[in-house]
Amino acid sequence: MNTPVRELAQVRAENDEADFESRLVRATQGGLPLVARPFAPIAEELGCSEERVISTFRNMLADGRVRRIAAVPNHYRLGYVANGMSVWDVDDALIERIGKQVGNLAMVSHCYERPRKLPHWPYNLFAMVHGRNRDEVREKVESIATLLGDRARSHDVLFSTRILKKTGMRLGDK
Amino acid sequence: MDSLDRSIINRLQAGLPLCERPFLELADELDTSEQTLLERLQAMLDSGLLTRFGPLFVADHLGGVLSLCAIRVPEDRFEPVERIVNSFDEVAHNYERDHELNMWFVIACDALHTKRRVLKDIERQTGLEVLDMPKSREFFIGLHLEV
């Protein structure tokens with residue numbers, strides 16, 4: 001059984017860890033330095049070992065707080081100027097599996113389960129599909145439909161016709 | 001952009017290995033040198049082909065409430081409804097879409113009670129029903145482009 005002193009030490013260690021993680025988030029949310037050992041300058045800034053930076057990222061990746069450490073392409077610059085919000089009515093019991101399958105396809109982003117709003121809205125799976133033009137997006141949506149077969153009862157794709165407002169989100173993972 | 005840039009973009013969207021010299025490991029995989037890989041990445045960031053390079057943190061774990069909402073707006077009332085919806089600071093994005101539900105917006109705020117108040121206010125001011133569709137599960141966020 002823990003003595004109060006040991007408990008206190010443990011709480012302090014956990015606080016230190018949480019504090020370290022939030023300093024690590026602040027130090028790297030703008031990006032990683034492009035040098036051969038990218039974690040070394042971060043470690044120096046935070047006054048810890050390079051190994052601690054790497055192992056903290058490993059933990060945050062494992063529990064999902066960091067999605068990945070990766071390059072984010074500017075899809076407009078790469079010619080992917082069209083996108084459509086594809087929406088699907090799938091069995092609730094299958095959605096976990098189908099969602100992962102669709103979310104992992106190339107050209108798909110933002111794959112979410114959302115509540116249906118019957119009778120107006122029968123769809124419970126949303127997946128943003130990207131392409132160089134609308135026909136390419138429609139083709140991709142149809143290939144997803146083929147992949148899902150009768151596991152999707154119905155689907156639709158909604159294109160945006162105008163941006164009415166776009167401000168920097170106060171929250172976000174950029 | 002040449003074929004090396006393309007393979008760098010394709011490979012690096014998937015994620016960096018976690019080790020002291022991750023670019024060395026990736027350079028081997030891409031059949032190039034660590035130095036060339038770093039130079040190409042820097043050039044693509046400078047030219048804007050890449051918007052960033054680094055850890056992608058999950059916003060939910062950092063706090064906050066997000067929801068996707070939709071309204072079916074009668075065509076002849078579109079502009080006044082647009083003005084009302086856009087007037088709320090909590091409305092971050094708003095798109096017109098080609099569907100009966102023709103207005104889709106994202107609410108981003110600090111707490112659930114704030115979201116409820118904003119949705120009520122929008123419904124009262126527009127006289128229209130707002131469908132509130134917060135995500136219940138996320139399967140993937142991010143975009144893997146094949147270039």
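Analyst: Let's start with burial: a residue counts as buried when its relative accessible area is under 20%. Keep in mind that this is a predicted model.

User: What makes B:Phe23 count as buried?

Analyst: B:Phe23 has 0% relative accessibility, and the cut-off is under 20%, so B:Phe23 counts as buried. B:Phe53 is buried too, with a relative accessible area of 2%.

User: Why is the pair of B:Phe23 and B:Phe53 called tilted?

Analyst: Ring planes under 30 degrees apart are stacked and those over 60 are edge-to-face, with the rest tilted. B:Phe23 and B:Phe53 have 40° between the planes, at 5.8 Å centre to centre, which makes the pair tilted. This pair links helix H2 of chain B to strand E1 of chain B, with the two residues 30 residues apart.

User: And why is the pair of A:Phe126 and B:Trp104 edge-to-face?

Analyst: Here the planes are at 65°, and the label needs over 60, so the pair is edge-to-face. The centres are 6.4 Å apart, against a limit of 6.5 Å for pairing. The pair crosses between chains, from strand E4 of chain A to strand E4 of chain B.

Technical notes. Residues are numbered from 1 along each chain as its sequence is written. Chains are lettered from A and ligands numbered from 1 in the order in which they are written. This is a predicted model: local features need pLDDT of at least 70, side-chain atom pairs count only at pLDDT 80 or more; totals for chains, interfaces and linings use all residues. Side-chain values use heavy atoms; hydrogens and water are left out. Rings of Phe, Tyr and Trp (its six-membered ring) pair if their centres lie within 6.5 Å; planes under 30 degrees apart count as stacked, over 60 as edge-to-face and the rest as tilted. Helices (H or I, at least four residues) and strands (E, at least two) are DSSP runs, numbered from the N terminus. Buried means under 20% relative accessible area, exposed over 50%, partly exposed in between (1.4 Å probe, protein chains only).
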